[in-house]
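Hi everyone, thanks for coming. Please take a look at the chain on the screen, and I'll walk you through it.

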Amino acid sequence: MKLQGLMLVSGRRRLLTALLQAQKQPFQPRRDMRLVQFQAPHLAGPHLGLELGSGGGIVDLNAFDPTLPTTMTQFLEQGEATLSVARRALAAQLPLLPRSEVTLLAPVTRPDKVVCVGMNYADHCKEQNVPVPKEPIIFSKFASSIVGPYDEILLPPESQEVDWEVELAVVIGKKGKHIQATDAMAHVAGFTVAHDVSARDWQVRRNGKQWLLGKTFDTFCPLGPALVTKDSVADPHNLNICCRVNGEVVQSSNTSQMVFKTEQLIAWVSQFVTLYPGDIFLTGTPPGVGMFRKPPVFLKKGDEVQCEIEELGVLVNKVA
């Protein structure tokens, strides 16, 4: 009995020593999966790639495995089969294309739908002195409004009140209808940064005050730079989010301020429509937009807008 007690104490000491030694070891850097669509002068058509770190070099996934599709939507439609190929590519020491040699496209182009959520930040509701919604406020953009992370935002001659809105975007990875909130994350591929550019005159005064036209001019939905898979994001509802115009911070908040989280939004919208791989949810914007400034401020030619979300990256779009 005494011998067993000594062995137990000795075992505990060895375990404690091992834990202390493990704490002293440096953490291995996590290799996040950052999926991109890109073009390069030496390649025919768009390719799929992996961005190694925010702003890092690009692995050409189609060169790694020529059987992979060349669009993100087709890649997501194939589910685990294509994701496992991307994981192998991420683990391998593959040659990188320098960023200077590639043009990043939006991580998803031509989705079946772009679902947008209005008034979804508690602090944005407070800014407008309006009550927090009891149900999600849903509108849309047309897919033709999507441009890449560094493309120009074109000011339409039809509007004099073009405004900025940084947003967390959720990308659907698995088809579903009537999805329960508890199952919703199984339908999510990952997250990216979105800029919900808005023509306020058309949104709030013209066209019967319906939001669609004011939100969906060409170039009014910059996306990117990468689709960061959900397993690479620690907590999508605790990310710092900000927008800068000409270097000045105009929006600064945290996704914890979202009224309806990703799971609730997917459950709500999937009551009405079937969600498909590649569908995009724009989940609302924090306070600091131009229309509620005193006096209001709107974008003009030559401005540069940077939309940034922690862990996801930054969009840099010039206004032309």
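Let me begin with a definition: a disulfide is a pair of cysteine sulfur atoms within 2.5 Å.

Before I go on, a word on what you are looking at. This is a predicted model, where local features need pLDDT of at least 70, side-chain atom pairs count only at pLDDT 80 or more, and totals for chains, interfaces and linings use all residues. Residues are numbered from 1 along each chain as its sequence is written, and side-chain values use heavy atoms, with hydrogens and water left out.

Now the overall picture. The chain has eight helices and 17 strands; helices (H or I, at least four residues) and strands (E, at least two) are DSSP runs, numbered from the N terminus. Its C-alpha trace spans about 85 × 50 × 40 Å along the principal axes. Of the 320 residues, 51% count as buried. Buried means under 20% relative accessible area, exposed over 50%, and partly exposed in between, with a 1.4 Å probe and protein chains only.

C243 is in no disulfide, and the nearest cysteine sulfur, that of C307, is 4.1 Å away. Is C243 buried or exposed? C243 counts as buried because its relative accessibility is 0%.

C243 also turns up in the largest nonpolar core, which has 41 residues. By nonpolar core I mean a set of buried Ala, Val, Leu, Ile, Met, Phe, Trp, Tyr and Cys residues joined through side-chain atoms within 4.5 Å. C243, I266, F281, V305 and L312 have the most contacts inside this core. Elements giving two or more residues to this core include β13, α8 (262–269) and β16, while the largest share, four residues, comes from β9. If you click on I266, you'll find that I266 touches I172, I179, A184, V188, L275 and F281, not counting residues up to four places away in sequence. Contact here means heavy atoms within 4.5 Å.

Next, a sheet. Which order do the strands of the open four-stranded sheet have? The order is β14-β13-β16-β17, with antiparallel pairing. Two strands pair if DSSP finds at least two bridges between them. The edge strands, β14 (248–254) and β17 (313–318), each pair on one side only.

Five of its six residues are buried, so β1 is largely enclosed by the rest of the structure. Strand β1 pairs antiparallel with β12 over two bridges, with β2 (residues 47–51) over four, and with β4 (residues 103–104) over two. L35 has L227 as its bridge partner in β12 and L50 as its bridge partner in β2. F38 stands opposite L104 in β4.

One last stop: H237, in the loop between β12 (221–229) and β13 (240–245). H237 counts as buried because its relative accessibility is 13%. Leaving aside neighbours within four places in sequence, H237 is in contact with N254, T255, S256, M258, K261, T262 and E263.

That's my tour, and I'm happy to go back to any part of it.
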